Amino acid sequence: MKVKIYTDGSARGNPEGPGGYGTVLLYTDSKGVTHRREYSGGFSRTTNNRMELMAAIVGLEALVRPCRVELYSDSQYLVRAFNENWIGNWIKKGWKRGRNEAVKNVDLWKRLLAAGEGHDVEYIWVKGHAGNPENERCDQLAVSAALGEDLPEDPGLDLS
């Protein structure tokens, strides 16, 4: 099964928070019907990078069985970590960027690695939101979370 995940994090002008993240999953079931699931959440006093990572984690953790995944993000930080093997080098160096500079958000990077285990994940950078309504919807979800607005509960992702 192939699943597309569109993610976004938003600090909304204040990098110290509050902020939110949004994730939209698109998948096609065995009958050829396309389904859409949306998730969002917020953090208090956090950074945009942490929200981008959480958006990706939430999307991957929603998958209950191995899938082929295209994960779209407007965060070059997130996409390049995998496509340019930054994360592999960080792990080899003991989560250091250089000789003494510690990698930020190690807890979330480890959780993202765990969430992707068993899946075939391709990380794709989306430059902004132009021409990508799903990514724009993720931004709207992130804003809703940042503002503390209630969202309808999602019944879960059924991949049967």
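**View 1. Helices α1 and α4 run roughly parallel to each other.** Roughly parallel here means an angle under 35 degrees, and α1 and α4 pack at about 20 degrees with their axes 9 Å apart. Each axis is a line fitted to C-alpha atoms over the stretch in contact, with angles running from 0 to 180 degrees between N-to-C directions. The helices themselves are DSSP runs of H or I with at least four residues, while strands are runs of E with at least two, numbered from the N terminus. This is a predicted model, so local features need pLDDT of at least 70 and side-chain atom pairs count only at pLDDT 80 or more, while totals for chains, interfaces and linings use all residues. Residues are numbered from 1 along each chain as its sequence is written, and side-chain values use heavy atoms, with hydrogens and water left out.

**View 2. A look at how α1 passes α4, in a left-handed crossing.** Left-handed means the near helix is turned anticlockwise from the far one by less than a right angle; clockwise would be right-handed. On the α1 side, the residues in contact (heavy atoms within 4.5 Å) include L53, I57 and L60. From α4, W109, L112 and A115 are among them.

**View 3. Helices α2 and α4 cross at roughly 60 degrees.** Helix α2 covers residues 76-83 and α4 covers 106-116, and their axes come within 13 Å. That makes α2 oblique to α4, oblique being whatever is left once under 35 (roughly parallel), over 145 (roughly antiparallel) and 65 to 115 degrees (roughly perpendicular) are taken out. Y77, L78, A81 and F82 of α2 meet W109, L112 and L113 of α4. This crossing is right-handed.

**View 4. Five strands make an open sheet in the order β3-β2-β1-β4-β5.** Its pairing is mixed, where two strands pair if DSSP finds at least two bridges between them. β3 (34-43) and β5 (120-125) are at the edges with a single partner strand each, so one side of each has no neighbour in the sheet. On average, neighbouring strands are turned by 20 degrees against each other, direction ignored.

**View 5. Strands β1 and β2 pair in the antiparallel sense over eight bridges.** Here I5 stands opposite L25 in β2. Helix α1 (residues 48-61) lies across β1, β2, β3, β4 and β5, at about 155 degrees to β1.
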